[in-house]
Amino acid sequence: MKLDQISLLSFLVNNQIKNETGDILDFKKYRFMFDIYTDRSRFMTCMKSAQIGFTTYEIFKSAHQCKNEGIDIIYVLPTADDVNKFSGGKTNKILAQNPIMQEWTKDKDSIEQKQFGDNTIYYQGSWTTRVALMITAKKLIVDEYDRCKPEIVEQYDSRLQSVADPQKAFFSNPSKPDFGVHIWYQKSDEKKWNITHSCGKRFIMDESCIDYKKEIYKCPFCLGEITDEERNAGNWYDKDDRKWDGKLNEKYQWSGWWIPLWIAPWMSAHKIAEMKREKSAEYFANFVAGLPYLNTNDALSMPLLVNNLVNRINDQTGRIIIGVDTGHNIHYVLMNKQGLFYHGYINSIEENEQSERPIPNYDPYDELDRLMQRFPRSIMVADQGGDLIGIRKLQNKYKGRVFLCWFTKETKTKTLIRWGENEEFGKVLADRNRVMQVIVDEIKEKRFPIWGTLEDWTPYFEHCLNIYRVREEQGQEGDPQYNWRWVWKRKGPDHKFLATVYARIGLDRFGGDMAEIVSDAQAFPVAGKQPIIPKKYRGLHNPVNI
Ligand SMILES: [Zn+2]
């Protein structure tokens, strides 16, 4: 086999291959793409900004691979219109510029399929059909992954399981954290473009390298300007700080690339600053920074949480509800109808053993037991996901006071919370997403009193800041009246918030309504003084850091 057949790059260079406007590809100008053109990993993903020439790469890569490796490829794009533009538009223009490639497609060349040599690329709009085509191909490419219909992508993906040594390539402008291409990127080796400044320091070229006032690229160490040559002369390093040498770090299955617009050598800091000013924060994150973004409405923020603080001592009267999130460690919260007044954390057995002075015969559930004794009328609601032995013991010891909570989707009856009766007593079923929404709404509307200071509650708030919601299309089992619903996800530890969900469920039955509405005066009796929120919690709607 000739080198041109093995290496995409040799093929492009040796044959003076041109892009759709007739220019020969120049990898000196395009250093950051060079390594991507040489990446032969079986699983590849890219979180990209717009307008960086990635589509051109995809066309060359898929055509070359189809022809020279002799594999069929399914190429999925969001809509039929996208297929038209991609296959009928851009691909055809590139083929027209390069007779050698046009020769490959002479037997079959339509918008939906193109033959390259003896094999075929099938182009598919994900929203066009209800089911995936019954084609088996060796490789699945999903372009604009975050805009494609998830069920269709899943169908193609699951069908690859029957193929020996399948290949996948998922690319997209990202959208939300832990959604779409961001999931695949996090599974990958997470390569980022590193540059070396004239001061000698090497660093990731992220947004901290942009000086928006002076509209220059700036070294985060010596604060000197970064030249275009330095930006262009970077290298890709993975999350283990290993420099990319053409071979994937064996710890990972997926090869992942993050391409923000500012690593493109032709992109000036002035232009980036202009987009920062003129575009929405969401657009800038997704299409310029190539990062997922959270909308303000879809998450909590520090100011919203702080608004609910009551800087006084809760009298801890009335029925107390203990919400418990079990798991490796135990997180719990205490609340009564006046609001939330304590959050606690219990070490696991292993952590106790590793501590400086381990407690003999340590049982993490003993602390929960002590709470049950300290508050004799209290009720405990715990999740059923963890090691149930401890909770079951408490359930036997404190008859009628300990409940296990199951999350369900009770969309038919619209019941938010259902308490088990008779043989089901001790069990509570709740619609997780809707209960979470209730609590978030209460917090946003300042109807969720939290007793104590910002300092007391900062670790708790950190968990609250990790939850966010996404719109999810409903399957057939969903309520026919609504074809979508909100689903709450997390981007970091959320145990304390979940403990609150359990407590809130308990309060719903055993606490009555939360009587106290927090007013401004109540919240900060000390002359209406607002606590100062530390700087790191202020910009919470910024792009998610990767
Ligand atoms: Zn420097």
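## Exercises on a predicted model

Phenylalanine 403 has a relative accessible area of 2%, so this residue is buried. The model used in these exercises is predicted.

**Exercise 1.** Find the partner of phenylalanine 403 in an edge-to-face aromatic pair, and say where the two residues lie.

*Solution.*
Step 1. Start with the count: there are 32 aromatic pairs.
Step 2. One of them joins phenylalanine 403 and tryptophan 419. The ring centres are 5.1 Å apart, and the planes stand at 90 degrees. Edge-to-face requires over 60 degrees, and the pair is classed that way.
Step 3. Place the residues. Phenylalanine 403 belongs to strand β18 (residues 402-408), and tryptophan 419 to strand β19 (residues 417-419). They are 16 residues apart, so the pair links distant parts of the chain.
Step 4. Check tryptophan 419 for burial. Its relative accessibility is 12%. Buried means under 20%, so tryptophan 419 counts as buried.

**Exercise 2.** Name the protein donors of the zinc ion and work out the geometry of the site.

*Solution.*
Step 1. List the donors: His197 through ND1, and Cys199, Cys219 and Cys222 through SG. They lie 2.1 to 2.4 Å from the zinc ion.
Step 2. Look at the angles. Among the 4 donor atoms they run from 96 to 120 degrees. Four donors count as tetrahedral if all angles lie between 85 and 135 degrees, so the zinc site is tetrahedral.
Step 3. Read the spacing along the sequence: H-x1-C-x19-C-x2-C.
Step 4. Is cysteine 219 buried or exposed? With a relative accessible area of 0%, cysteine 219 is buried. Cysteine 222, at 40%, counts as partly exposed.

**Exercise 3.** Decide how the buried residues of helix α7 are arranged around its axis, and find what covers them.

*Solution.*
Step 1. Helix α7 spans residues 150-159, and its buried residues include Ile152, Val153, Tyr156 and Asp157.
Step 2. These four cover an arc of only 135 degrees around the axis, so they are on the same side of α7.
Step 3. Elements that cover them include strands β2 (73-77), β4 (119-125), β5 (139-142) and β6 (167-172). Helix α8 (181-187) is also among them.

**Exercise 4.** Which rings have the charged end of lysine 187 or lysine 279 over them?

*Solution.*
Step 1. For lysine 187, the ring is that of tryptophan 184, with the charged end 5.3 Å from its centre.
Step 2. For lysine 279, the ring belongs to tyrosine 283, and the distance to its centre is 4.8 Å.

Key
Residues are numbered from 1 along each chain as its sequence is written. This is a predicted model: local features need pLDDT of at least 70, side-chain atom pairs count only at pLDDT 80 or more; totals for chains, interfaces and linings use all residues. Side-chain values use heavy atoms; hydrogens and water are left out. Donors are N, O and S atoms within 2.8 Å of the metal (3.2 Å for Na, K and Ca); water is not among the atoms, so sites may look incomplete. Four donors count as tetrahedral if all angles lie between 85 and 135 degrees; four count as square planar and six as octahedral if opposite donors are over 155 degrees apart and all others between 65 and 115; anything else is irregular. Buried means under 20% relative accessible area, exposed over 50%, partly exposed in between (1.4 Å probe, protein chains only). Rings of Phe, Tyr and Trp (its six-membered ring) pair if their centres lie within 6.5 Å; planes under 30 degrees apart count as stacked, over 60 as edge-to-face and the rest as tilted. Helices (H or I, at least four residues) and strands (E, at least two) are DSSP runs, numbered from the N terminus. A charge sits over a ring if NZ of Lys or CZ of Arg is within 6 Å of the ring centre and within 35 degrees of the ring normal. The arc is that of the directions from the helix axis to the C-beta atoms. Contact means heavy atoms within 4.5 Å.
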